[in-house]
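This report walks through one structure part by part. Please keep the sequence and the 3D view at hand while reading.

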Amino acid sequence: MASVIFEQATRHYHGTARPAVDHLDLSVDDGEFVVLVGPSGCGKTTSLRMIAGLEMVDSGSIRIGTRDVTYDDPKDRDVAMVFQNYALYPHMTVAQNMGFALKIGRVTKAEIRERILDAARLLDLEPYLGRKPKDLSGGQRQRVAMGRAIVRRPQVFLMDEPLSNLDAKLRVQTRNQIAGLQRRLGTTTVYVTHDQVEAMTMGDRVAVLRDGVLQQCAAPRELYRNPVNVFVAEFIGSPAMNLFTLPVVNNCVSLGDWPIQLQREITDTAGEIVVGIRPEHFEIGSSGVEMQIDVVEELGADAYLYGRVARPDNTFGQAIVARTDGHAPPPRGSRVRLHPQPGHLHFFGVDGLRLP
């Protein structure tokens, strides 16, 4: 096993205005599970393919362990990739699919059989070793793709949105299996997804990318509690964080008719700031910002209130979302007062960066 290190790695496709990956500096420790997440086109899959050698590096370098592999052939990098579409050979059995790379590598038949059986036991695939991919469910095919990677015993696993073709229930089940499997094997893993819930529940650390640029890489809890900028704050969490751009007047900002007193360190830096509050950090009470409820989304234990900030002149301002107890949520069309829990306000400058 080994670490993976990007050093100012850049990939710029001909004819595009900006790099797909722009001077990426990122270190994945030996045995760590790091998830690359971001919106479509942010460069996460390109970054993964650069590790595998399937995309060239225009500048900078990539190291696996102590080796600089920037210009090495994919076959010489000792990595195994799990693709979004499984990429199984339809004419081969499960066992043949899992052992094909070993056969090409001229591993002995006895060793191939032993590795396949070990992986099959690990993935509960023993009853299916003689079947073809067409006779398997989506979740079983995904486990075969995982098994094919495991039998190679690589230094690094690379996974490109491996759960995107599964239904919602199977996604939850399979992501728990993958995370648990990685913990048992201890293999360095870089995992790509566009699903921030998947990223937050699986990774030791999560790297958030936007337009090819790394925004923040941290433990899931740190990303949630201390996003470095507005993009990370809005991207991490579901529903997204409420963000309000407000003018600073007399060391204070006003959200509707509710004043928020600011620390001097904040008011000295800007005449306008962005205030962030997560939906789950609102409490319904007698004080705080007044909200006109337009939609109530009931989810059983919880309910989400979607509406607008009510102004003192009886008009309505920005959209606002709040989570509340699902037992007896307020009805659509009503008004409530929302107050954030202590310590859960976030402040950003108009440049999008977090304020101290």
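Phe 83 is partly exposed, with a relative accessible area of 27%. The model described here is a predicted one. Phe 83 belongs to the loop between β6 and α2. Not counting residues up to four places away in sequence, Phe 83 touches Leu 54, Gln 142, Asp 160 and Pro 162.

Phe 83 can also be set against a residue elsewhere in the chain. From Phe 83 to Ser 286 there are 203 residues in sequence and 52 Å in space, taken from C-alpha to C-alpha.

## The open sheet

Four strands make up an open sheet in the order β2-β1-β4-β5, and their pairing is antiparallel. The edges are held by β2 (21–28) and β5 (67–68); each has a single partner strand, so one side of each is left without a neighbour in the sheet. In general, the strands of a sheet pair through backbone hydrogen bonds, in either the parallel or the antiparallel sense.

Within this sheet, strand β1 (residues 4–11) and strand β4 (residues 59–64) run antiparallel and are joined by five bridges. Phe 6 has Ile 62 in β4 as its bridge partner.

## Helix α1

Helix α1 lies across β1, β2 and β4, and it runs at about 115° to β1. The helix covers residues 44–52, and seven of its nine residues are buried, so α1 is largely enclosed by the rest of the structure.

Which residues of α1 are buried? They are Lys 44, Thr 46, Ser 47, Leu 48, Met 50, Ile 51 and Ala 52. After α1 comes Gly 53, which has a positive phi, near 90°.

The largest nonpolar core has 42 residues, and the members that touch the most others are Met 98, Ile 178, Tyr 191 and Val 208. In soluble globular proteins, nonpolar side chains tend to be buried together.

Apart from neighbours within four places in sequence, Ile 178 is in contact with Phe 33, Met 146, Met 159, Pro 162, Leu 163, Tyr 191 and Met 202.

## Aromatic pairs

How many aromatic pairs does the structure hold? There are three aromatic pairs. One of them is formed by Phe 33 and Tyr 191, which are tilted, at 5.7 Å centre to centre and with 35° between the planes. Phe 33 is in strand β3 (residues 33–37) and Tyr 191 is in strand β8 (residues 188–193), so this pair ties together parts that are 158 residues apart in sequence. Phe 33 is buried, with a relative accessible area of 0%, and Tyr 191 is buried with a relative accessible area of 0%.

Tyr 89 and Phe 100 form an edge-to-face pair, with 5.1 Å from centre to centre and 65° between the planes. Tyr 89 lies in the loop between β6 (79–82) and α2 (94–104), while Phe 100 lies in helix α2, so the pair ties together parts that are 11 residues apart in sequence. Tyr 89 is partly exposed, with a relative accessible area of 34%, and Phe 100 is partly exposed, with a relative accessible area of 26%.

## The hairpin of β12 and β13

Strand β12 (residues 252–255) pairs with β13 in the antiparallel sense over four bridges. Opposite Ile 260 in β13 stands Val 253. The hairpin has two residues between its strands, and Gly 256 there takes a positive phi near 65°.

Glu 290 lies in strand β16 (residues 289–298). Is this residue, Glu 290, buried or exposed? Glu 290 has a relative accessibility of 18% and therefore counts as buried, since the cut-off for buried is under 20%.

Leaving aside neighbours within four places in sequence, the contacts of Glu 290 are Asp 257, Arg 308, Val 309, Ala 310, Arg 335, Val 336 and Arg 337. Arg 308 has its charged end over the ring of Phe 316, 4.3 Å from the ring centre.

Terms used:
Residues numbered from 1 in each chain as written. Predicted model: local features only at pLDDT ≥ 70, side-chain atom pairs only at ≥ 80, totals over all residues. Heavy atoms only, no water. Pairing = 2+ DSSP bridges. Core = buried A, V, L, I, M, F, W, Y, C linked by side-chain atoms within 4.5 Å. Buried < 20%, exposed > 50% of the residue type's maximum accessible area, 1.4 Å probe, protein only. Contact = heavy atoms within 4.5 Å. Axes fitted to C-alpha atoms, helices over the stretch in contact; angles between N-to-C directions. Phe/Tyr/Trp six-rings, centres within 6.5 Å; stacked < 30°, edge-to-face > 60°. Lys NZ or Arg CZ within 6 Å of the ring centre and 35° of its normal.
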